[in-house]
Amino acid sequence: MEGQLCANPEISVKKAPGASPPSFIALLKVHRELLVSRIRNTQCLIDSLIKNDYFSTEDAEIVVQFPTQADKVRKILDLVQSKGEEVSEYFILVLQKVTDAYYELQPWLDEIGYKPSESICSKPVVNTDPVSRYCQKLRYELGRDSKFVTSYAQREEMLLEEIYSDSIMELVSFTNDSLGKVCQLEALFDDAVGVINEDGETIYVFGDAGIGKSILLQKIQSLWAKKELDIGAKFFFRFLCRMFSCFKEDEVICLKDLLFKYNCYPDQDPTEVFHYILQFPHTVLFTFDGFDEIYSNFDLSSVPEMCSPHEAIHPLVLLVSLLRGKLLKGSKKILTARTGTEIQRNIIRKKVLLRGFSSNNLKQYTTMFFKDMGQQTLVLNQLEANPFLCSLCSVPLFCWIIFKCYEHFHSMFDSHELPACSVTLTDVFLLMIEVHLNRSLKTSLLKNNTRSQAEMFKSRKETLLALGKMARKGMENSSFVFEQEEVSSASISEEDLQLGFLRTVKGYSGCDNQSTYEFLHLTLQSFFTALFLVMEEKVDAKELLHFFNECSSTETAQPTCLPIPWLKKQIAGKDPFRNNEHFHFTNLFLCGLLSRSKQKLFRHLVLPTVIKRKRRTLITYLGESMKSHLKGLTRSRLQNYNQLQVQPNFVWMLRCLYETQNEKVGKLAAKRMHANYVKLTYCNASSADCSAISFVMHHFQKRLALDLDNNNINDYGVKELLPCFRKLAVIRLSVNQVTDHGVRILYEELSKYQTVTYLGLYNNQITDVGAKYVAKLIEECSSLEYVKIGANKITSEGGKCLAQAIQKSKTMFEIGMWGNHVGDEGAKAFAQALRNHPTLTNVSLAFNGITTEGGKSIAEAMQHNNSVRIFWLTKNELDDEAAMSFAEMLKVNKKLVHLWLIQNRITAEGVKYLSEALKENTAIKEVCLNGNLISQEEAKAFENDKRIVCF
């Protein structure tokens with residue numbers, strides 16, 4: 001006998017040393033009835049046998065003719081055994097490899113100790129099992145869905161991998177005592193740590209609104225889809241809890257439909273897939289996001305228990321039954337909710353508290369806090385424009401304060417005109433201080449306090465002075481960590497520490513038994529420094545202005561930030577690598593705190609005469625330093641303009657002026673510029689800085705040219721420039737992430753005033769929608785002469801609109817369309833615009849996908865044009881046929897001076913046509929053909945005509 005009987009007795013494939021190979025035919029015969037009763041899927045076996053030529057098509061047809069599954073299995077066994085040992089062993093290999101389909105046979109395979117031979121192991125197995133296919137589909141769809149995170153302005157998508165960073169996760173007890181940190185996501189499912197209820201099945205993740213719960217679930221989903229989350233989960237079903245509130249009261253659904261309809265539906269045999277899920281619930285992972293969003297005061301105890309997986313019932317009951325373990329007991333579940341949501345203890349297995357934001361979690365929080373998308377966009381742009389402010393929002397409380405500021409001020413002053421009282425960074429920090437002081441009162445931050453801001457500050461004046469004194473001392477020494485002795489000497493009490501302005505830090509103190517401290521953020525230390533300079537009556541003028549001098553350049557004699565002669569410092573010995581932004585912020589806050597709008601607050605804290613003296617000192621200083629600063633800037637004389645080229649520190653000066661909210665100071669700054677063309681390129685100006693720019697620039701009495709190319713202005717910055725638009729003759733916003741929305745704002749405002757002559761929007765995010773607004777502006781604004789809108793996302797549709805507008809315009813001088821996608825259809829439209837146009841002089845349609853068809857249309861139209869002098873058609877797809885058309889055009893058009901056909905598909909034959917045409921045209925100065933299909937040898941034939949440039 002080739003096999004060996006087991007104890008039960010059964011044939012085994014285990015063999016003793018030296019024994020003959022086991023008989024797989026015999027093995028199948030002995031266990032025939034077991035196989036017939038346990039094999040549910042015959043298709044996978046048939047497909048694999050056909051794949052390896054063990055079965056013919058006729059064999060498969062014979063099998064499928066049998067009416068029952070058991071009869072089909074019997075016939076397969078008969079055919080397999082008749083084909084020999086190799087086929088019989090392969091049959092067993094398929095059972096072993098496709099575990100999803102033949103899971104009931106896995107114990108039998110373990111019992112017989114089957115190990116495939118090398119020859120059989122190399123044979124491919126076709127897995128057409130419905131469960132396996134469904135798992136693959138589920139991973140693909142969840143991976144696709146979790147790959148990107150849509151930004152909350154709904155204009156772009158960001159890769160999850162690029163914005164996700166681990167938040168602070170802490171395992172806690174039922175009473176929220178810490179049980180340790182979660183360092184890896186797999187630890188959430190590790191029963192070795194953090195289990196507080198052995199009978200519970202739900203991991204309860206909670207935290208404040210926007211703390212990162214949803215993005216955490218998305219990260220888990222992404223890792224599972226990529227098979228990078230090893231927790232034994234074969235299925236992943238995710239639900240937004242708010243969907244359960246959308247079902248009608250009389251609506252019912254079964255568990256199978258809930259899983260498949262609202263996640264991913266199996267392509268094959270849903271009943272078999274669902275049966276597998278019921279058999280192996282421990283292979284299922286659920287995520288339920290936002291339990292608190294179902295409805296308020298939801299009571300789990302009011303939901304009837306329900307255990308049948310086949311009964312149709314209200315979806316909310318299914319949800320609760322899953323959480324309680326009455327359905328799919330043993331499955332893994334993650335439930336998220338906001339802090340304070342009541343969850344029955346008996347369903348909780350672990351509690352996980354999220355304690356803080358990553359920088360990218362902040363965008364998630366913004367959408368939860370601001371329901372209006374317009375406000376979301378404003379806030380996100382403000383935060384992106386203020387990196388220090390953005391990082392401050394990593395603390396949830398600060399984020400709440402700052403967003404409350406935006407919510408209040410934007411609702412109060414949502415106007416296109418510059419408001420008399422605008423939100424400033426100083427306003428944000430003052431409200432932050434007020435909220436921290438409110439911590440000392442036994443009231444909720446969400447409840448109105450009877451004390452005014454002034455009264456609150458007055459009651460804690462000594463605390464504020466103590467914190468300010470220490471902050472200033474540290475700032476002067478560029479010290480940002482404080483020993484316990486320094487804290488004590490500044491008279492900062494334990495009660496003061498409880499306010500939360502300072503936090504303990506480890507690793508700085510030389511004494512292990514003493515704490516060291518730092519301000520929650522460096523900008524907070526800057527604020528307290530400025531607050532001390534205002535509140536301390538003994539601070540004299542030199543001390544008040546000390547940090548302005550600290551911002552002066554150590555590299556050159558030229559001042560870079562508001563210097564005055566009697567505050568000069570020694571250059572020798574200074575650290576050239578020192579970052580002085582904290583000094584800039586101190587100066588900025590000083591300007592804000594000494595503004596007139598803060599007079600009501602500080603009259604309760606400082607003698608009015610002291611505040612007036614300090615304000616007078618600051619305003620005088622700002623006036624003198626502006627004059628000195630502006631004198632040192634580069635100036636040049638342009639046609640119709642006196643240009644002022646500023647440096648990045650000029651933006652800091654504008655920020656300080658804006659914080660003062662003093663219109664006289666802004667007007668004085670505009671007057672002392674002695675220029676009507678301000679060039680602010682490459683100044684790292686952000687959208688928030690546009691408020692400061694407008695604060696000064698709107699005071700210009702005459703027409704103004706404003707060049708903001710290569711900054712980070714975006715749509716919000718465009719809106720902040722509204723007060724300037726009535727004065728603008730030139731507005732350059734190239735390379736600034738401006739979208740169609742920003743272009744719409746430009747159109748609506750610039751068309752009102754009819755003053756703009758130059759519009760620069762090169763290399764932004766403008767589509768055909770924005771192009772249509774530019775086209776309308778060209779039609780309606782007779783003053784507009786120059787439009788630069790290249791390197792955007794404009795297709796033939798937008799190109800046609802622009803061309804039609806240009807055709808109607810009697811003033812257009814130059815159109816720059818380089819790097820769009822107008823193609824031949826757009827080229828034809830521009831050809832119509834060119835025909836007999838009276839003023840258009842410079843045209844660029846370079847890099848626009850124009851082929852011979854479009855090129856011929858342009859060439860023919862140019863025969864009827866006497867205005868164009870320069871034409872760029874670089875980087876298109878023009879060939880010799882197009883070159884022939886341009887040659888014919890040159891015989892007629894004697895006004896064109898420069899024709900650029902660089903990097904097209906013109907050969908020596910096409911160059912020959914152009915060269916011959918130049919014999920009849922003495923007006924044109926050059927035809928540039930670099931980068932075409934011309935060899936250096938072929939180019940020699942045209943050396944005598946210097947106007948033909950091939951290399």
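Hi everyone. When I say buried today, I mean under 20% relative accessible area. Keep in mind that this is a predicted model.

Let's start with helix α34, residues 740-753. Its buried residues are Asp 740, Gly 742, Val 743, Ile 745, Leu 746, Tyr 747, Glu 749, Leu 750 and Ser 751. What do they pack against? Their neighbours are α33 (714-720), β19 (728-732), β20 (758-760) and α35 (768-780). Just past α34, Gln 754 has a positive phi of about 55°.

Next, strand β11, residues 348-354. Here 7 of the 7 residues are buried, so the strand is largely enclosed by the rest of the structure. Which way do its partners run? With β5 (residues 169-172) the pairing is antiparallel, over 4 bridges, and there Leu 171 has Val 352 of β11 as its bridge partner. With β7 (residues 202-207) the pairing is parallel, through 5 bridges, and Tyr 204 sits opposite Lys 351 of β11.

Finally, the cores. The largest nonpolar core holds 178 residues, and Ile 858 and Phe 871 have the most contacts inside it. Helix α24 (residues 522-535) is the top contributor to this core, with 9 residues. Leaving aside residues up to four places away in sequence, Ile 858 touches Ala 827, Ala 831, Leu 834, Leu 845, Ile 850, Phe 871, Leu 873 and Phe 886. Another core, of 68 residues, lies apart from that one, and includes Ile 220, Leu 223, Trp 224 and Phe 274.

Notes: Residues numbered from 1 in each chain as written. Predicted model: local features only at pLDDT ≥ 70, side-chain atom pairs only at ≥ 80, totals over all residues. Heavy atoms only, no water. Core = buried A, V, L, I, M, F, W, Y, C linked by side-chain atoms within 4.5 Å. Buried < 20%, exposed > 50% of the residue type's maximum accessible area, 1.4 Å probe, protein only. Helix = DSSP H or I, 4+ residues; strand = E, 2+ residues; numbered from the N terminus. Contact = heavy atoms within 4.5 Å. Pairing = 2+ DSSP bridges.
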